[in-house]
Amino acid sequence: MAKKKAFPAIKEKNQGKFTRWAKKNGFQDACSAASAVMKSPKKYSETIVKQANYAKNFGCSMKKKK
């Protein structure tokens, strides 16, 4: 049986960075920003794409399950 990996935590200094970036760039929330970034990742920096991927996989998918 495969061992479950621990939830990849965000360092405290980086918490909220993507949400702040999203709001500053005119998005309603982090989930809508993550969707937009992942649709056209070449328009954004590698860091933003990584943050968007994390938000989409862990933040946004967790919200939908509730």
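**Reading the model, feature by feature**

Reply: We may begin with the helix α1, where Phe18, Trp21 and Ala22 are buried. They span an arc of only 100 degrees around the axis, which places them on the same side of α1. On the other side of α1, Arg20, Lys23 and Lys24 are exposed. Please keep in mind throughout that this is a predicted model.

Me: What follows α1?

Reply: Gly26 comes after α1, and its phi is positive, near 85 degrees.

Me: How many helices and strands does the protein chain hold, and in what order do the elements run?

Reply: The protein chain has three helices and zero strands. Read from the N terminus, the order is α-α-α. Of its 66 residues, 20% count as buried. Contacts between residues at least 6 apart in sequence can also be sorted by separation: 35% of them join residues at least 24 apart.

Me: Which residues are buried in α2, and how are they arranged about the axis?

Reply: The buried residues of α2 are Ala30, Cys31, Ala33, Ala34 and Val37. Viewed down the axis of α2, they fall within an arc of 160 degrees, so they line one face of the helix.

Me: How should I read a nonpolar core, and which residues make up the largest one here?

Reply: The general idea is that in soluble globular proteins, nonpolar side chains tend to be buried together. In this model the largest nonpolar core has 11 residues in all: Phe18, Trp21, Ala22, Ala30, Ala33, Ala34, Val37, Ile48, Val49, Ala52 and Ala55. At least two residues of this core come from each of α1 (17-24), α2 (30-39) and α3 (46-65).

Me: Could you single out a member of the core? Where does Ala30 lie, and which residues does Ala30 touch?

Reply: Ala30 lies in helix α2. Its relative accessibility is 15%; buried means under 20%, so Ala30 counts as buried. Leaving aside residues up to four places away in sequence, Ala30 touches Phe18, Thr19 and Ala22. Ala30 and Ala55 are 25 residues apart in sequence, yet their C-alpha atoms are 7.1 Å apart in space.

Me: Which residues does Val49 touch?

Reply: With residues up to four places away in sequence again left out, Val49 touches Val37, Met38, Pro41 and Tyr44.

Me: How is a disulfide to be read, and how many does the structure hold?

Reply: A disulfide is a covalent bond between the sulfur atoms of two cysteines. The structure holds one, and this disulfide joins Cys31 to Cys60, with an S to S distance of 2.2 Å. Cys31 lies in helix α2 and Cys60 in helix α3, so the pair ties together parts that are 29 residues apart in sequence. The torsion about the S-S bond is about -115 degrees, so the disulfide is left-handed.

Me: Are Cys31 and Cys60 buried or exposed?

Reply: Cys31 is buried, at a relative accessible area of 19%. Cys60 also counts as buried, at 8% relative accessibility.

Me: Which residues do the ring pairs link into a cluster?

Reply: The cluster linked by ring pairs consists of Phe18, Trp21, Phe27 and Tyr44.

Me: Finally, how many salt bridges are counted, and which side chains meet?

Reply: A salt bridge is read from the distance between a side-chain nitrogen of Lys or Arg and a carboxyl oxygen of Asp or Glu, with a cut-off of 4 Å. The count comes to one salt bridge. The side chains of Glu46 and Lys50 meet in it, at 3.3 Å from N to O. Glu46 and Lys50 are four residues apart in helix α3, and are thus separated by about one helical turn. Both Glu46 and Lys50 are exposed.

How values were computed:
Residues are numbered from 1 along each chain as its sequence is written. This is a predicted model: local features need pLDDT of at least 70, side-chain atom pairs count only at pLDDT 80 or more; totals for chains, interfaces and linings use all residues. Side-chain values use heavy atoms; hydrogens and water are left out. A nonpolar core is a set of buried Ala, Val, Leu, Ile, Met, Phe, Trp, Tyr and Cys residues joined through side-chain atoms within 4.5 Å. Buried means under 20% relative accessible area, exposed over 50%, partly exposed in between (1.4 Å probe, protein chains only). Contact means heavy atoms within 4.5 Å. A disulfide is a pair of cysteine sulfur atoms within 2.5 Å. The arc is that of the directions from the helix axis to the C-beta atoms. Rings of Phe, Tyr and Trp (its six-membered ring) pair if their centres lie within 6.5 Å; planes under 30 degrees apart count as stacked, over 60 as edge-to-face and the rest as tilted.
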